[in-house]
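Take a look at the structure below and keep it in view while you read. We will go through it one part at a time.

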There are 2 protein chains.
Amino acid sequence: MGDRAAKDALFDGFADIAKALANGRRAELIDVLAQGERHVEELADEIDQSVANTSFHLRTLAGAGVVVTRRDKNRIYYRLASDRVIDLWTALRDVAAAHHAELDDLAAAYLGHRDQFDEVSRTELAARIAAGDVVVVDVRPATEFASGHISGARSIPVERLTRELRDLPADVEVVAYCRGPFCLLADEAVRLLRRKGRAARRLEDGFPEWRYASLPVESLSVQEVMS
Amino acid sequence: MGDRAAKDALFDGFADIAKALANGRRAELIDVLAQGERHVEELADEIDQSVANTSFHLRTLAGAGVVVTRRDKNRIYYRLASDRVIDLWTALRDVAAAHHAELDDLAAAYLGHRDQFDEVSRTELAARIAAGDVVVVDVRPATEFASGHISGARSIPVERLTRELRDLPADVEVVAYCRGPFCLLADEAVRLLRRKGRAARRLEDGFPEWRYASLPVESLSVQEVMS
DNA sequence: TCCTCATTCAAAGAATGACTTGAATACTCG
DNA sequence: CGAGTATTCAAGTCATTCTTTGAATGAGGA
């Protein structure tokens with residue numbers, strides 16, 4: 001006990017967790033899975049890889065204990081092993097954003113210009129939901145809304161936004177949110193709403209961060225999803 | 001903007017940070033650097049590697065922006081780029097401990113049996129320091145004590161403990177602490193003290209976690225170190 | 001200026017990782 | 001039980017990573 005070989009083995013164990021995240025495609029998988037569980041084909045589609053390769057990466061993640069599976073009918077659903085993994089992913093993103101100089105450029109290239117001061121903070125949104133002077137719109141795909149969303153939010157996937165615009169009250173500000181800080185759906189929604197003359201801003205980060213901050217969430221029952 | 005190539009590049013950027021930690025020796029380096037800054041030779045010694053290889057790993061870490069350097073005379077000192085890196089390292093350890101099944105075995109092999117319920121929590125220790133009914137002993141090497149320690153703690157490196165035992169009051173409990181949950185110094189100190197009939201326990205985790213929790217710390221001025 | 005010492009660089013070999021293709025499991029439902 | 005699907009496995013190729021050895025750099029002090 002306490003010898004060099006044992007210490008090396010222990011720290012190799014820590015490094016194994018880092019290795020699990022040490023690939024861009026696996027990082028994308030974690031980011032998607034932070035939204036909720038998915039099956040392999042959905043995940044392959046999200047990260048634009050072959051099903052075989054996605055399965056390979058998922059096995060790597062599962063081997064490190066970062067994701068776990070559940071079988072339903074003949075589908076296998078993957079999800080993050082616990083909230084601590086979201087912690088880890090958030091910390092990783094934070095360090096990346098803070099210290100990796102070229103990441104700013106990469107983020108700008110992917111996200112386009114986004115004015116941080118124009119985002120609504122979680123605390124502000126929570127207060128305004130309580131006050132009732134805001135419409136919260138979840139612009140993620142309907143299945144993600146179903147598996148969990150901000151309490152009181154309304155589901156309008158971004159591709160349906162133009163059509164359902166008339167149903168939104170014109171005199172209150174719209175706050176759109178999506179998957180997280182590196183998701184573009186809410187940005188697109190805000191741009192679209194503003195072009196139509198609506199007051200609109202995006203929520204900082206996205207749904208996983210909201211849930212992780214222990215702010216009110218709700219999810220649809222199976223019946224509601226079916227209807 | 002918003003295309004697949006840009007998204008891949010962004011997430012590859014996140015993965016680069018994970019890659020920096022995805023090696024056992026680099027993980028050990030981070031763990032040591034969480035204590036405070038060190039120069040290459042010290043670090044090589046801590047992780048039992050050649051100076052060249054240590055330098056190589058440090059360059060990898062620096063390239064990812066996880067550590068930064070400072071020159072003093074003809075030594076180059078490395079330190080973590082910010083507290084967020086400690087966050088990341090802590091989250092990584094937590095996920096590893098929670099989900100990587102074999103890690104329990106590895107930790108047990110390295111740490112030996114350690115009774116978690118026998119550790120003093122940070123909040124308990126903070127309260128008892130305020131009440132004054134405890135002696136806090138920092139059993140890390142003196143240089144680490146000098147660069148930062150729990151307020152009111154006394155420095156007794158573990159190899160000097162037997163000699164300085166008589167200076168410790170016999171009627172109050174001793175709480176020993178060291179570098180963190182995977183450091184053995186405090187365990188050794190507690191074993192030794194108990195063999196001598198003293199009431200002794202170890203603090204949960206170690207100094208970096210205490211400091212990170214914004215609990216009171218102090219460090220020695222250059223004059224004090226010299227004396 | 002020259003010497004010394006801490007640190008980094010360069011080259012090279014073994015090991016590991018990523019992604020593709022095509023075949024093999026394993027499950028569900030008729 | 002057998003057909004149909006979702007997922008995983010296996011093999012192969014190409015690229016990257018780790019570690020060692022020995023030499024080079026570059027700052028400080030004589």
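The surface near DNA strand D takes its largest share, 5 residues, from helix 4 of chain A. Here a residue is near a strand if its C-beta atom, placed from the backbone, lies within 6 Å of it. Helices (H or I, at least four residues) and strands (E, at least two) are DSSP runs, numbered from the N terminus. The model is a predicted one: local features need pLDDT of at least 70, side-chain atom pairs count only at pLDDT 80 or more, and totals for chains, interfaces and linings use all residues. Residues are numbered from 1 along each chain as its sequence is written, while chains are lettered from A and ligands numbered from 1 in the order in which they are written.

Stay with DNA strand D. By class, the surface has 7 nonpolar, 9 polar and 6 charged residues. Ala, Val, Leu, Ile, Met, Phe, Trp, Tyr, Cys and Pro count as nonpolar, Asp, Glu, Lys and Arg as charged, and the others, Gly among them, as polar.

Now turn to DNA strand C. Which residues come nearest to DNA strand C? Of the 22 around it, they are Asn23(A), His39(B), Val40(B), Ala52(B) and Ser55(B). Helix 4 of chain B gives the largest share of this surface, 5 residues. The classes near DNA strand C are 7 nonpolar, 9 polar and 6 charged residues.

Next, two helix pairs in chain A. The axes of helix 3 and helix 4 of chain A come within 9 Å and cross at roughly 105 degrees. Axes are lines fitted to C-alpha atoms, for helices over the stretch in contact, and angles run from 0 to 180 degrees between N-to-C directions. That makes helix 3 of chain A roughly perpendicular to helix 4 of chain A; the term covers angles of 65 to 115 degrees. Helix 3 of chain A brings Val40(A), Glu41(A), Leu43(A), Ala44(A) and Ile47(A) to the contact, and helix 4 of chain A brings Val51(A), Thr54(A), Ser55(A) and Leu58(A). Two residues are in contact if their C-beta atoms, placed from the backbone, lie within 7 Å. This contact has 6 nonpolar, 2 polar and 1 charged residues.

Helix 2 of chain A also packs with helix 4 of chain A, at an angle of about 75 degrees and with the axes 10 Å apart. These two helices are therefore roughly perpendicular to each other. Arg25(A), Arg26(A) and Leu29(A) of helix 2 meet His57(A), Leu58(A), Thr60(A) and Leu61(A) of helix 4.

How do the chains meet? 52 residues of chain A are in contact with 51 residues of chain B. Helix 1 of chain A supplies the largest share of the side of chain A that touches chain B, 16 residues. That side divides into 30 nonpolar, 9 polar and 13 charged residues. The copies meet through the same surface, because 98% of the interface residues of chain A are also interface residues in chain B.

Finish with the sheets of chain B. One is an open sheet of 3 strands in the order 1-3-2, with antiparallel pairing. Two strands pair if DSSP finds at least two bridges between them. Strand 1 (38-39) and strand 2 (67-72) of chain B stand at the edges with a single partner strand each, so one side of each is left without a neighbour in the sheet. His39(B) has Tyr77(B) in strand 3 of chain B as its bridge partner. The other open sheet has 4 strands in the order 6-4-7-8, with parallel pairing. There, Val137(B) stands opposite Arg154(B) in strand 6 of chain B.

Methods. Angles under 35 degrees count as roughly parallel, over 145 as roughly antiparallel, 65 to 115 as roughly perpendicular and the rest as oblique.
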